[in-house]
Structures are given as C-alpha cells and as structure tokens.
Amino acid sequence: MHPLLGQFLEKWVWPTAPGAGGALFRRRITEEKCLKGWEVALHSSLAEIEKGLASGTDDWQRRVALGGYAGEGVQMSIKQMSAQLLSVDLTEQEKYIDLQRMRARQVWDECKHSKLHAEVLMAKGWIKDERELLQNSAAHTQPLPAYFGLSMMFPHIHPLARAAQHYFVEAIACLGIAAYIHLVDDPMTLHEHLSQRDEELMHFMEGKYKIDTYCTTPENQKPVEDTLDFLLHRLRVSL
Amino acid sequence: MPTLKINHERCTECRMCYVACRELNLNAVYVSLEPLHRLEIDPHKCTYPVCTVCLAYCPAEGSIVEAESGRWVVPPPPDIHRWWLKQATGL
C-alpha cells in the first residue's frame, strides 16, 4: 500500500464514533471494494503528475487547470448538485433533512472550484481574465457524460446513493490532492489544491457519517453497495 | 475528565460536528451568539470522552482540542478511535 493511502486511512477512514450502527458495514465495503479503487486512483494521479513534471515545461499545469475548469465549473456544479437535491423524495425530506442541507451547501463549494483553476491560469499569464475562457473550448469540454446529466444518474436512485459517491469519490479527490502536495512545489499549483484539501475531506466525511449513521439495515446498505459497484465499474476496477 | 473546545484557528465552520452531535440529541455543539456566529462546545452537555462523534467526522486537523491540555484530537488519536476494532476483533 502506498504510504499516502496508509496515512489517509489511519487519519481519516478508520476513526469511527462509538456506537455507530453502520461502522462495521463501512469497514467491510472499505476493505472489499474501496481500497483497491483508491490505490488505483492514487497511482494514476502520481503517474500523471510525474509525467507532467518530467515534461520539462509547465504546459501540463495549464491543461490541468483548463480541464478542471471544464470538469467542475459553475454550470456543471449547479446542475450536478441540483440533481442531487432532487434525489430525495418530498415524503422523505424530513427523514433526510441533514443530507439535504449538506447538498445545498455543496452547491456553493462546487461553484468555487472553477475560480481556483482560473486563478492559476491568470497568475501564470495564460489568460488575462476569466472572460477569455468563454472563447476556449478546452475550458468547457471534458470526456465524461456529465454534461447531459448521466454521471449523476446512479443506477440506483436513493437518498443514500450520494453517500457512496461522497465516501468513495471524495476520498479519491483527497488522495489526488495529497499527491499534488507531495510532489509539486509550484506555489500556484499548491494553491489550486491546498485550498481544496479541507473541503474535499469534509465531503468525504459527509459520506462516512451518512454510512455510519444511516446504513444500519440491509435495505439501507444495498443502494450504497450498488453505487460503489457502479463507480468501480466506471474506474474499470475488478474486485 | 477532560473537556473539548473548538480551536478557531483551525476550524473551517463546516458544521459536521454540529450535525453529528445533534443527531445524537446531545446538542453540545452550538452556534454562539457572537458576531461571527462560530461553533462552540458546551462542556456541560458534552459527554467526552464517552462520546467522540464530533472527532470522528471533523475534517479539519487540529480544530477540536482538549481544553485542559490543548491536545489536538482531530484526527482522533488511536486511544480514542480504536473501540470498534476492539469490539469487532476481541483484541
């Protein structure tokens, strides 16, 4: 296991509140499903960064910033998070009110991502202002089907499906950030990622909390496992 | 018994501690009536070290400390968070 993953597990994954009804379920899915995906994603991030650093220029940082702007820009984020808010049925909103509040707050969190990428592009002199990005297709195109809302439509629409995405995917974000901080000493790239460290970890904690708190019955555990399987399939990880 | 307090130099005000504490109906974490409306922990309602729920889900390193010693308890040190492993493995 890579030391960055080991450190992440020890500090943030294994600690659990006493009496948390879903804790043993979370440990099982972590060991059986998540760890392999996290390891693959971390090595992929490290390899990408090392390849960029070995290129001898900083153009790779420009591409990362443009890709980040396209992948998590304002329009994408509002659409994604709005769809997540809609996944809780009216009759269940009282039961899942904390999930709703967390998602509403995340609309703001997500919309801020694009600013960090734009700041890198401006500070490095690649653009004069954010308006220029409107004319740059690289800042608005990305390979995922999310532009049509497909990436947020899990095969199992359930209020707790998002918990699996928070737990599994945000951990990947945390590990990617750890990889950048570990390997890159460029101040603007550090700014781009360090600013996100606590926020992504907070979203990971949302998932961890929801699984520990709500996934106490087979009925509530199934949508989380289904979503994890879907996410692992997208990563092409076979268990 | 040690008590907990928020370290405002590290806290990001994400409110995970507030949500988790309220879920258990302890309500020891509250929003203070001061201009910044920061989160605080009421030592009279908090049952630490019996309950450590706020520590388990806080994402900001060092943002909750033991008031008496100043010890950082986020992320929770092993002596605080290993209960469930012990329970599961019998160690």
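The structure is a predicted model, in which local features need pLDDT of at least 70 and side-chain atom pairs count only at pLDDT 80 or more, whereas totals for chains, interfaces and linings use all residues. Residues are numbered from 1 along each chain as its sequence is written, and chains are lettered from A and ligands numbered from 1 in the order in which they are written.

Chain A contains eight helices and zero strands, where helices (H or I, at least four residues) and strands (E, at least two) are DSSP runs numbered from the N terminus. The order of elements from the N terminus is α-α-α-α-α-α-α-α. The radius of gyration of chain A is 18 Å, close to the 18 Å given by the globule rule for 239 residues, so the chain is as compact as a globular protein of that length. This radius is taken over C-alpha atoms, and the rule is 2.2 Å times the number of residues to the power 0.38. Along the principal axes, the C-alpha atoms of chain A fill a box of roughly 55 × 40 × 30 Å.

Of the 239 residues of chain A, 43% are buried (20 or more other C-beta atoms within 10 Å of the residue's own, with C-beta atoms placed from the backbone). Among contacts in chain A (C-beta atoms, placed from the backbone, within 7 Å) between residues at least 6 apart in sequence, 84% join residues at least 24 apart.

The contact between the chains takes 17 residues from chain A and 19 residues from chain B. On the side of chain A that touches chain B, the elements giving two or more residues are H1 (3-13), H2 (23-54) and H7 (187-214) of chain A. H7(A) gives the most, with seven residues.

Definitions and conventions
Buried ≥ 20, exposed ≤ 12 C-beta atoms within 10 Å, placed from the backbone. Contact = placed C-beta atoms within 7 Å.
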